[in-house]
Structures are given as structure tokens and as C-alpha cells.
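Please open the model in your viewer and keep the selection tool at hand.

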Amino acid sequence: MSIEREKLYRFPWSKTDNPGGWVEVTDDCDLSCPGCYRYRLEGHRPLEEVKNDIIACQRMTNCDRIAISGGEPLLYPHIVEVVEFISSQRMKPMLLTNGEKLTWELALALKEAGLVQFYFHVDSGQQRPGWAGKNEAEMNKLRQHYADLVWELGGVQCGYNVTVFRSTLKYIPEIVEWTRSNISKVQHLSLITFRGFLLKKGMKYMVDNRTIETSLLQNCYDDPGEISITTDEMFRILENYFPEQHPCAYLSGTTAQETYKFLIILNVGSRDEIYGGLGARTVELAQVFHHLFKGKYCAFLENQKVGKKIFILSLLDRKVRKAFVNFLKAFIRNPSRIFDGIYVQCINLQQPNEIIKGKKNLCDGCLNMMIYKGELINSCQLDEYRLFGGPVTSCLDKN
Amino acid sequence: MSIVREKLYRFPWSKTDNPGGWVEVTDECDLFCPGCYRHKLEGHRPLEEIEEDIIACQKITNCDSMAIAGGEPLLYPRIIEVVDFISRHKMKPVILTNGEKLTWELASELKKAGLAKIHFHVDSGQERPGWTGKTEIEMNELRQRFADLLWELGGIQCGYNVTIFRSTLKYLPDIVEWSRENIHKVQHISLIAFRSIPLTDSIIYTINGEKIDLGNLQNSTASLSDITITTEEMFGVLENHFAAFPPSAYLSGTSAPITYKYLIILNAGSKHKVYGVLGAKTVELVQAFYHFFKGRYCAFLRNPRAGKKVFLLSLFDKDVKRAFFNFLKASLNNPARLFDKIYSQSIHLQQPNEIFEGKPNLCDGCANMMVYRGKLINSCRLDEYRMFGAPIVPVALSK
């Protein structure tokens, strides 16, 4: 079955009314992941500057959560203060990290500072010390380690970023399977297709009408196959393994509207079983009510342990109804199921910053926008601004 | 009082979930309005092509209304068929016209074909036969003529587009005053700040990296002070004349999110008196409910007669509460007011396609996107595609 857009909810997010904000605290990192678009140019940023950007981002985007990113934010000496600052400004702080520097003590300090979510970037491409040569399925062991740590800590959500390459595409069902079996511990999984700049004869890259040196671009490939995995392609692979797992919401591309830049699947279940998913209607209601009562949209709920009350939405959402029926069946088979906690888990298929038919195709309604020198920019384009002074565009070279 | 963004609702519109679609049937016109960005290149378009574009636009944007524009659409010989086609495809057809060719008979036929609204472009800059040298205030007489025609006909909403120039800015309150007095007949007025492509030494224009000359474009100008009126400036002028006249919703700019590309004020009143405005919460509720039940957003409701039930929203919306209070006061003074019909009317301040700080600043969530050769584009840039094959890229020259 292909993805039917009419059945999906397009998130109501825009540049100035968006659940997500983004801030980078350092461009230092202790790993060097393929696909990374961040250069080491500045090192740690002054705390005051970081705070100013957070406030400006909140003002401009009306965001509900701020992603603290980098570089590796856990290398940043004032990281706890940044988390505390975001929390004190009534936003949900979330950390994007590779996890290498995470200790129990640091995790505890971050939790106390108000951290709402860890987002661990873990994949086999990273070639981490001790994990080199492992495949994606084997990396689930490391994912489990972090999930257990955060679970034990309590009160902080756990998510994962996984960059998906041609070579690892076949493993995505195993990653999703692992995630599903950890629904009580893992709230988010982002499967992000690898992207880079295509080096092709006759193609040149420009900023403000100046041709730029492609040798300065980090992710350049002459094989289009490596950078062309789409969210549709990932979905089709997953569909073969999890036929009941349908997307419910999306964001499209800015120039290629037929693309799904974000494609969201919401699983609902207990730690013993996934009962089904949430549909477009539920996502719509969640966004509408959050905005109506809190004045802003939400990227994720404060508590993903939604409980059995979620099944009330059966009245409006066919998918929830189906999940409810499955839950009832499980209950009949084993009445102790009634005491199980019910969780929601988000599987996010992402197709980031790319060039399609010569045009930059960004996420329309991107929730990772950030402030750079007072301007709101797409965080994935930050280094285009830092290195070249503006976003890179492509054009055909007539010579 | 300046505009407070936190008090405004940002319409939840995006490229792929938007209430508005746009189609052009001809580029012929019988007037020559300053600020017009449409060149006569093709004449009347084949009906089949138009129908294909309408369907493609509906599919991509999920639109609820479709603006039929041009050129002057009433010159198009098959205009009735276009209206009928849109109506049959369950969208609200809207015609943008200068009204010159509108007769009672044609209006009746358009009504039968399902036309939902006519937007008359009427302003003093047009230099219409018989109306040359008239001021904006005097043009209200022509506006009244069209409003009366549609009122008598019934069933078709009436709106106006007015291009605002430096020289006519001072007349804004008179135009709005006239609209308010006609709240039962006039549902919509768009006050559109004049824009043109600035010809200066500090910017060059390029397509695919090559410099192009825009001296021949009818919408380019070297007179820069004419093209800088902002919606905030227009609002400032209006605010001095109308007490309690706050805007309720907006769209921002794509490259300059601080700008208000659309700024909406919703009057509520009877034909005797405007009682106040509808606030951000009401707009939000309307958009949310409409989308939840109809699966798409709306740019306007089919029935502008809101009725007294709108005052129920006093529970959620302070602005409505104030309007309700004024209505009660008026009813105490004269109990006949209790039987008056209550209408809503939208005053729409617009700051269209512009080069802002060297960058194209379009409407984020634009409700006037159209399909051109299978691609969704901003209708205001159509001639950039038709004449140069792509949108113009301005390049700011370093000083």
C-alpha cells in the first residue's frame, strides 16, 4: 500500500508558530559521523550568546521545546546551566547527544535541571570506539544500554537518531522491532536518510552568485544512489515487516511538495505488545488542543505514558479503535493486561536538507530552526552560513 | 498600540494544507493598473489546461476555495464553465475582477454556476474610463455600485482589493469606514501595499547564476520610497481612526518572519453599527473545527451572516466579549437592535511579494499558490517563470 496523503495530517507548523526550536552550544565533538554537516570552527560558544539565541528563537518561533545540539553538547562545560535556562523559560529542553560522555551523575544533574528528553544519535556508521565494525542490529545493544540508563533515571524521555545509509537500509526493521519491544522505555526513533551534495559534471554550487569550492563541502558524493533514499522507500521496507504500522502525519518539502520530509508513525501499546497506532485525527486533536490551551503547538507530549484513556479517542479515530479492539482481545486472553501501562511511541522517518531537480528542498514547517546572527535559519544549513555567508544553491554550469 | 504578536493567531496554513488555490484563465485585461505583475503573453488559455491545473492545485494544496484570476477573468469566454467546474469539485469559486465587464445577466449566470465570491479590484490608481482623476474616497461610489449589485442578486459574497500607494495611504480610513458601513453587503476588503521590484545599484537579479535585466518588467521601479509601505504602517493609520480595532491573525514573511504579510482584522456588527472585532481565539476555533470536520482549512465561510450565536464565543474570546457588551448596550438604548442581523467582515492588510533586505520575502503559508507546468508556485511570481523560466534571484552587491 502506498502512502495516501488524504489520510495524513499535515502538522499545522510554520516558521513563526512551531513547536520546535534549536540551539547549538559547541561545534566540538568526540566522534566523526558520516553525514555530519557541522564543522569545528568555533569550539564552545559563550553561555550568554547561547542564552540570547534561545530567547530570540522562542520569540520568533513560539516553540515548546528547544533541541540543544552541536557538536556534542555534553562536552560543553555549561550544559547543565543551558538546560536549566531553557526550563526556566517554560520550554522543554531536549539534548541531542552521541551519549559517549553521559554518566549517571551527569544524567542526574541534567534531570534535576529540567531535561525532558535525551535524543541519542547511535548508528553503525559512527565507528565508535568499542563498536567499530558492528552492524545496525548489533548497535541495538548500545541503544538498550542508554534506554535502561534513562529508564532507571526516570522522568526523562528517551529517543534515538539513526542515520540510514544504503548499506544499512536493510536493518531498519530490526531497529524498529527493538524500539517497539522497548515502548515503555523508548519514546522516539528518528530514522534519517543520509544526505549530501552531489558532485556531477555540469553542476556547480553557489552562494549569492559566487561559485564555491566544493572541496569545502563536507558531504560530497558522485554516486546519487547513496544520497537518494526517501522516506517512502523506508516506509515500504518497514511495511513489509509491520503491515499494521501506518503513518498519520507529515511535513512536505518546500520545493518538492510530493516528498515526505517528516513522516510520523505513532505506536500505542504496553511493554508486552503493540496494540496498534494513533491516526491522523488523534494527532490533529492533540495539536489543536495543545495550541488552544497553551498557545503553542507541541512536538511531543510531556508524558508519553498516556494510559488507557487514549482509547476514548476510538470514537473519533478508526486507528485507535483498532488498537483498542486489539487491547480488549489481549485482555480476554490474559486479564492481567488490564493493569499494563499504555504508552505512545513515535517513529519518525526523515528526509533532510537535499537538492531535488536543482532546487533546495527543505522541510516546510521545519521544527529545527535556529537563530544565527539574529536571523531565523534552518539548522541543517548553519554551516552554509558559517562557511559561505548564506545558503548554498546549485545551478547548471554552462561551461 | 503596536501589534503584539503573542496575541495574534498564525493561520495553520502551509503549502500542502491550505485553504486557497489560484488559477489564471487569461492574461488579457481591459485596464492597466499600476503594480500589476501580469504581462500579456498568451491571451486566453485552453479550458482543458485550466481544468487540469485546478485539479492539480486541489490535489497538492487541499484547498477549499479557488481564486480565478488573470488578466481579467470576465473577458474569458468560458468563465462560467470554469466556475461550474470548480464548484462541482467541491471548492468555492472566487473571481478576482475589475468589474468593468460585470452585468446583471453575467452575475446571475455566475451565481447559478456556483460562484461564492467576487473580489473587485477597485482603486484610484487604475484610471478607469469615467473615473480618472477621482480620489479613493470618490471611488467608494463605484465600490457601492458593485456592492449593491451583488446585494440585490444575493448569494454571492462581495470583496474588494485596493492597491495602496504612498499617495493614497491617507485615504485608508475612508475606505475602511465605507466598508464598515456596508458590513451587511461587503464581506471582505484587502488593502494591498504597492510592491514592485526595486531597481538599484546595490542589487542585481539573476536566473541560474546569470545576470538578467529587469528594466522592461512592468513591475520594476527605481522609485524606492513607493514600495516600502508595510502592513504595520497601514495598521498605524487605521488605528488612529478606529478605536478597539485589533488584528486577530496573520501570516509572516518567508525570509523576514518579523514582517506581517497578511494581517487580518475581523469586524462584527450589524448594518447599523460595528460592535467590535472577533479575536485570535475565534479564528483559531473556526480553523480548527472546519479542518476537523471538513478535512481542510477555510479562507472564508460560505455564510458571512455570523448571527448572534457568534457572541457565545465571549466565553473564550475577550474581543468577542467586548463586542457582545457593545451589542447589549446598543440594545438597551434601542431594543430594536436585538433583532438586527449580525455579520462578520474581514479587513485584510497585505504586504505582497517583495525584496526585503536583499531577499525575496514571500508569504509563509501563502493562500494564493497556483500550479504552473505541474509545479506549485506563488502566483505573484508567475511571470518570473513565464518570462525567465524560474523565480528571479536577487543578489545584494557588497559595498
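Helices (H or I, at least four residues) and strands (E, at least two) are here DSSP runs, numbered from the N terminus. This is a predicted model, in which local features need pLDDT of at least 70 and side-chain atom pairs count only at pLDDT 80 or more, while totals for chains, interfaces and linings use all residues. Residues are numbered from 1 along each chain as its sequence is written, and chains are lettered from A and ligands numbered from 1 in the order in which they are written.

**Whole chains**

Select chain A, which has nine helices and 20 strands. Its radius of gyration is 21 Å, close to the 21 Å that the globule rule gives for 399 residues, so chain A is as compact as a globular protein of that length; the radius is taken over C-alpha atoms, and the rule is 2.2 Å times the number of residues to the power 0.38. Along the principal axes, the C-alpha trace of chain A spans about 70 × 45 × 45 Å. Buried residues make up 49% of the 399 residues in chain A, where a residue is buried if 20 or more other C-beta atoms lie within 10 Å of its own, exposed if 12 or fewer, and partly exposed in between, with C-beta atoms placed from the backbone.

Now switch to chain B, which has nine helices and 20 strands. The C-alpha atoms of chain B fill a box of roughly 70 × 50 × 45 Å along the principal axes, and buried residues make up 50% of its 399 residues.

**Between the chains**

Show both chains and colour the residues in contact, meaning that their C-beta atoms, placed from the backbone, lie within 7 Å. On this criterion, 19 residues of chain B are in contact with 20 residues of chain A. On the chain B side, the largest share, three residues, comes from helix 7 (residues 280-294) of chain B.

**Domains of chain B**

Next select domain 1 (9-194 + 229-269 + 347-380) and domain 2 (197-228) of chain B, whose bounds come from an automatic or database domain assignment. The C-alpha centres of these two domains of chain B lie 25 Å apart, and ten residues of domain 1 are in contact with nine residues of domain 2.

**A sheet in chain A**

Return to chain A, where three strands form an open antiparallel sheet in the order 10-9-20; two strands pair if DSSP finds at least two bridges between them. The edge strands, each pairing on one side only, are strand 10 (210-211) and strand 20 (393-396) of chain A. Strand 9 (residues 203-207) of chain A pairs with strand 20 of chain A over four bridges, and A:Met203 has A:Leu396 as its bridge partner there.

**Backbone details**

Most residues other than glycine have a negative phi, and most peptide bonds are trans. Zoom in on A:Gly70 and A:Gly71, which are joined by a cis peptide bond with omega of about 25 degrees; A:Gly71 is in the loop between strand 3 (65-69) and helix 2 (79-88) of chain A. In chain B, a cis peptide bond joins B:Gly70 and B:Gly71, with omega of about 20 degrees.

Where does B:Glu357 lie? B:Glu357 is in the loop between strand 16 (354-356) and strand 17 (359-361) of chain B. B:Glu357 has a positive phi of about 50 degrees although it is not a glycine, and this residue is exposed, with 9 other C-beta atoms within 10 Å.

Definitions and conventions:
Contact = placed C-beta atoms within 7 Å.
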